[in-house]
2 protein chains.
Amino acid sequence: MAELDNGLMEAYGMLMERARELHILQSAVSIVHWDTETKMPPRGVALRSQQLALLQGIGHRMAKDPEIGRLIDRIQNHIGLDSLDEVQRRNIHLMRKDYDEATKLPEELVSETAKQRIVTIDTWKKAKAARDYGAFKPDLRKLFDLRRQAAEVLMEVKGTASPYDALIDIYEPGMTSDSISRVFSELRGGLTKIIEKCMSALQPNVSILERRVPVEAQRRVSEALAAFIGYDVASEEAGGRIDETEHPFTTGYYDDVRITTHYHENRFASSVFSVLHEGGHALYEQNLPRIWMYQPVGAACSSGLHESQSRFVENIVGRSREFWSYFLPELRRLAGTALSGVTVDGLVRAVNRVKPSRIRIEADEVTYGLHIIIRFELERDLFAGRLTVDELPQAWNERYLEYLGVEVRHDLEGVMQDTHWAGGSYGYFPSYALGNIYGCQILAMMEQDQPDWRDRVAAGSFEEVGRWLAEHVHRYGNLYDPADLIRVVTGEDLNIRPFLSYLDEKYSELYGY
Amino acid sequence: MAELDNGLMEAYGMLMERARELHILQSAVSIVHWDTETKMPPRGVALRSQQLALLQGIGHRMAKDPEIGRLIDRIQNHIGLDSLDEVQRRNIHLMRKDYDEATKLPEELVSETAKQRIVTIDTWKKAKAARDYGAFKPDLRKLFDLRRQAAEVLMEVKGTASPYDALIDIYEPGMTSDSISRVFSELRGGLTKIIEKCMSALQPNVSILERRVPVEAQRRVSEALAAFIGYDVASEEAGGRIDETEHPFTTGYYDDVRITTHYHENRFASSVFSVLHEGGHALYEQNLPRIWMYQPVGAACSSGLHESQSRFVENIVGRSREFWSYFLPELRRLAGTALSGVTVDGLVRAVNRVKPSRIRIEADEVTYGLHIIIRFELERDLFAGRLTVDELPQAWNERYLEYLGVEVRHDLEGVMQDTHWAGGSYGYFPSYALGNIYGCQILAMMEQDQPDWRDRVAAGSFEEVGRWLAEHVHRYGNLYDPADLIRVVTGEDLNIRPFLSYLDEKYSELYGY
């Protein structure tokens with residue numbers, strides 16, 4: 001038995017050494033990616049694509065090394081998992097899953113997809129500029145077909161019920177198209193009711209959001225927001241930083257997690273909520289258990305859980321009256337005279353305006369879910385063969401009219417607005433809406449533990465909220481699939497009621513309906 | 001014959017593919033290094049050292065791949081080099097040299113040296129802070145012994161006459177301790193005479209260099225200097241950028257070459273000359289022939305040649321009266337009122353003050369060479385066993401008194417001032433002085449082609465100088481060893497007379513001796 005255990009622990013140790021190298025490499029690649037978006041001189045783009053291709057190739061070879069497969073087999077089949085603890089078993093499970101995905105996809109399909117992604121994104125940009133879906137379509141179709149082929153392989157590997165489920169599983173392990181369909185159909189009804197009530201009420205004045213706040217002042221606001229949520233970008237022990245990109249994002253690992261934002265002089269709120277959103281992502285990464293660093297379990301649970309944390313900070317905290325009653329004086333101080341006369345009531349109403357629109361990334365907290373439902377349904381139908389790439393714009397426009405009541409005038413504000421399909425990220429969209437749902441289930445739990453959390457935020461402290469999230473969500477890393485994590489955190493299954501209650505309570509008060 | 005040629009070209013092509021991957025990886029690593037110095041949040045340091053160790057390990061494995069050796073052997077022994085052209089033969093030569101260096105050093109020695117470097121630099125920093133050479137000594141000795149062991153192996157591989165020559169050859173291929181001794185002994189005499197004349201003359205007023213120029217203004221000055229030398233950091237096709245670090249440096253590859261500087265509010269000239277110096281390095285890298293990208297020949301010739309280009313821009317151009325007659329009005333405009341009343345005469349004299357001092361990196365163009373000669377002689381004697389690590393401070397202080405007439409009061413301003421020995425870079429120092437010598441041989445040639453270059457600079461154009469350097473120096477990349485390159489560019493062997501004439505002419509006018 002001792003001998004067996006030694007062999008087991010030796011094999012496990014060797015496997016974790018592989019995991020360590022893979023995580024270190026990935027974290028280095030993420031820095032190179034970050035540089036590409038933030039600092040790289042424009043002429044460097046061709047060299048950069050060579051660097052990234054080489055590093056990714058090295059990473060793929062490391063991930064596919066047969067020795068990893070042999071080690072996992074040795075542990076799983078010959079020695080058994082019984083003497084491993086829960087964390088160790090999860091590490092083996094995650095390594096097995098990654099290894100199978102890395103090895104079962106044909107080499108040629110992987111490299112052809114990588115090339116087609118670049119081509120399709122490039123075509124998308126050009127077609128977008130020309131407002132010409134016809135020019136986009138052939139490359140979109142090619143990429144879609146390649147992803148479908150991959151999905152078919154992955155379906156076998158993962159044992160999912162459909163190819164599309166295999167793609168969803170990449171971002172939201174264990175979730176299926178059917179379960180999402182059920183949740184989303186209920187969600188659509190709930191959201192639509194709230195939207196109708198808001199649209200029938202008096203409307204907020206949003207003109208204050210167009211006040212001109214100089215970029216330099218907005219930078220100081222970003223630093224103040226980071227300080228508020230405890231995302232350290234300033235001290236000698238800072239593990240973060242804020243830079244500027246066209247589209248905000250978060251990247252990094254543990255002690256080096258960076259966010260970006262975008263400053264619009266005439267839309268100061270845009271950067272405020274970007275910083276809070278990305279800061280929410282960053283806190284999740286920074287709070288992962290240190291003892292799990294370099295292990296598969298030392299990662300966020302899923303894309304949806306990640307979104308739950310970013311939206312928690314952005315929406316639940318950042319768009320609350322309590323936050324603004326604390327932060328507005330600070331904002332006014334930093335913004336100079338730009339915001340004179342702005343009141344907490346006025347600002348809170350303005351940043352929470354509900355209004356059906358065509359562009360997802362500009363949508364409010366309530367209508368946002370409908371944008372996601374549309375994309376999910378279209379993806380689902382595409383993969384089920386009920387819809388073709390040719391029919392996509394028409395199906396898109398019909399749904400926007402039906403679900404949101406808005407008329408899409410051209411594909412630039414319709415089917416070509418998002419980068420996800422051009423980049424081949426099919427299966428990702430549901431995570432955005434699931435994030436809102438998870439977030440409010442988590443909120444309901446937090447309110448039991450910290451009934452006075454809103455008072456604390458109003459008093460200028462995010463500390464208790466931040467600590468609660470770290471202790472009840474972040475600390476679990478990737479120990480569970482999302483459905484299990486939600487059960488562990490909240491004692492319940494996935495459930496949209498907390499989200500709808502949160503919205504109804506918030507918006508009935510804001511709109512006085 | 002056709003078949004042979006096909007086999008040869010196939011082997012050569014495969015070898016160049018290996019070179020391509022190595023260069024791409026190195027260029028990616030250089031970006032990660034750059035990030036470490038410029039952008040990384042402080043807490044990221046431990047993760048970063050893991051990333052760099054992993055990437056270096058991957059690089060070493062790639063460089064030592066036996067397939068590289070087999071391909072070179074196949075080309076050199078079985079097929080022969082006759083049907084290869086000069087560039088191809090040089091590529092083989094450089095690959096062979098790198099491969100031999102990578103494979104002949106015992107693995108254990110390499111990894112022990114890597115660790116000891118980090119330890120010794122750390123000890124150096126602490127010993128410096130404590131002004132305690134005794135605390136530095138044991139780790140310095142360990143590192144020195146490790147480098148001596150490596151030098152002994154490399155001596156065999158390279159066939160140099162001594163271990164120290166093998167180290168010099170890393171930075172200045174083909175140069176030897178003996179040849180440098182001869183050049184430096186002549187150089188010392190020449191420099192000493194000029195210094196004596198300057199010191200006996202009336203002295204320039206350097207107080208204007210202490211005028212307070214706000215950092216924001218200095219940043220704009222950096223951009224103006226970059227624009228002047230044609231180092232593009234601003235356009236949509238920029239291939240460079242300027243950031244801030246404690247110690248200025250240049251890094252990157254072809255289309256992405258970045259420089260750094262350091263702004264001191266009360267020493268504006270420090271950053272001016274850093275930007276010109278690093279800009280000179282950057283232009284060399286950017287002007288390498290594009291068709292040689294990813295090949296060994298697509299690199300700068302040597303450390304000394306690199307220094308010749310940085311010092312050409314910094315000293316020969318940047319400290320000339322002509323440059324300041326153009327740039328001073330621009331500088332005054334950018335610096336606001338800080339520099340009112342400053343004249344070209346006054347400024348040119350101030351930035352060219354000759355004054356023996358203790359700190360190398362603060363030394364002027366004339367005394368600088370003596371600092372280098374001291375370090376070279378001490379290294380040479382250490383490796384020849386004529387000097388021990390114990391005796392180093394005393395030998396250092398004696399030479400500073402003898403060569404420069406200055407008394408070293410403590411080791412912080414003496415033997416512990418430089419990072420090179422703590423980092424194990426023995427054999428590097430001579431390159432600094434060789435750079436000045438090469439630079440003035442190159443200048444003498446340029447003056448034959450462009451006798452009016454000073455007028456062009458005075459008129460605000462660096463273009464002709466920049467183009468001449470690109471066409472007569474940069475374009476050769478690493479096609480020749482430095483001694484050969486100097487012969488190709490100037491038709492002469494290494495020769496200190498142009499450097500001494502340049503100094504004598506310049507300083508006799510400045511000091512009126």
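Biologist: Is Asp169(A) buried or exposed?
Modeller: Asp169(A) is buried, at 8% relative accessibility. Buried means under 20% relative accessible area, exposed means over 50%, and partly exposed lies in between (1.4 Å probe, protein chains only).

Biologist: Which residue forms a salt bridge with Asp169(A)?
Modeller: Lys97(A) does, with the closest N and O atoms 2.9 Å apart. A salt bridge here is a side-chain nitrogen of Lys or Arg within 4 Å of a carboxyl oxygen of Asp or Glu.

Biologist: What should I know about the model itself?
Modeller: This is a predicted model: local features need pLDDT of at least 70 and side-chain atom pairs count only at pLDDT 80 or more, while totals for chains, interfaces and linings use all residues. Residues are numbered from 1 along each chain as its sequence is written, chains are lettered from A and ligands numbered from 1 in the order written, and side-chain values use heavy atoms, with hydrogens and water left out.

Biologist: How many salt bridges over all chains?
Modeller: The structure holds 98.

Biologist: Which residue does Arg386(B) meet in a salt bridge?
Modeller: Asp381(B), at 2.7 Å from N to O. Arg386(B) is exposed at 55% relative accessibility, whereas Asp381(B) is buried at 9%.

Biologist: And in chain A, which residues are linked in a network of salt bridges?
Modeller: Glu377(A), Arg380(A), Asp381(A), Arg386(A) and Arg399(A).

Biologist: Switching to the interface. How many residues of chain A are in contact with chain B?
Modeller: 38 residues of chain A contact 38 residues of chain B. Contact means heavy atoms within 4.5 Å.

Biologist: What area is buried between chain A and chain B?
Modeller: About 3,300 Å², with carbon and sulfur atoms giving 61% of it. Buried area is the accessible area (1.4 Å probe) that two parts lose on being put together, summed over both.

Biologist: How many salt bridges between chain A and chain B?
Modeller: The count is 6. One salt bridge joins the side chains of Arg258(B) and Asp35(A), at 2.7 Å from N to O.

Biologist: Which elements of chain A give two or more residues to that side?
Modeller: Helix H1 (2-38), helix H2 (45-63) and strand E3 (256-261) of chain A. H1(A) gives the most, with 10 residues.

Biologist: Last topic, the backbone. What is phi of Tyr254(A)?
Modeller: Near 50 degrees, a positive value in a residue other than glycine. Most residues other than glycine have a negative phi. Tyr254(A) lies in the loop between strand E2 (250-253) and E3 of chain A. Tyr254(A) is buried, at 0% relative accessibility.

Note on methods
Helix = DSSP H or I, 4+ residues; strand = E, 2+ residues; numbered from the N terminus.
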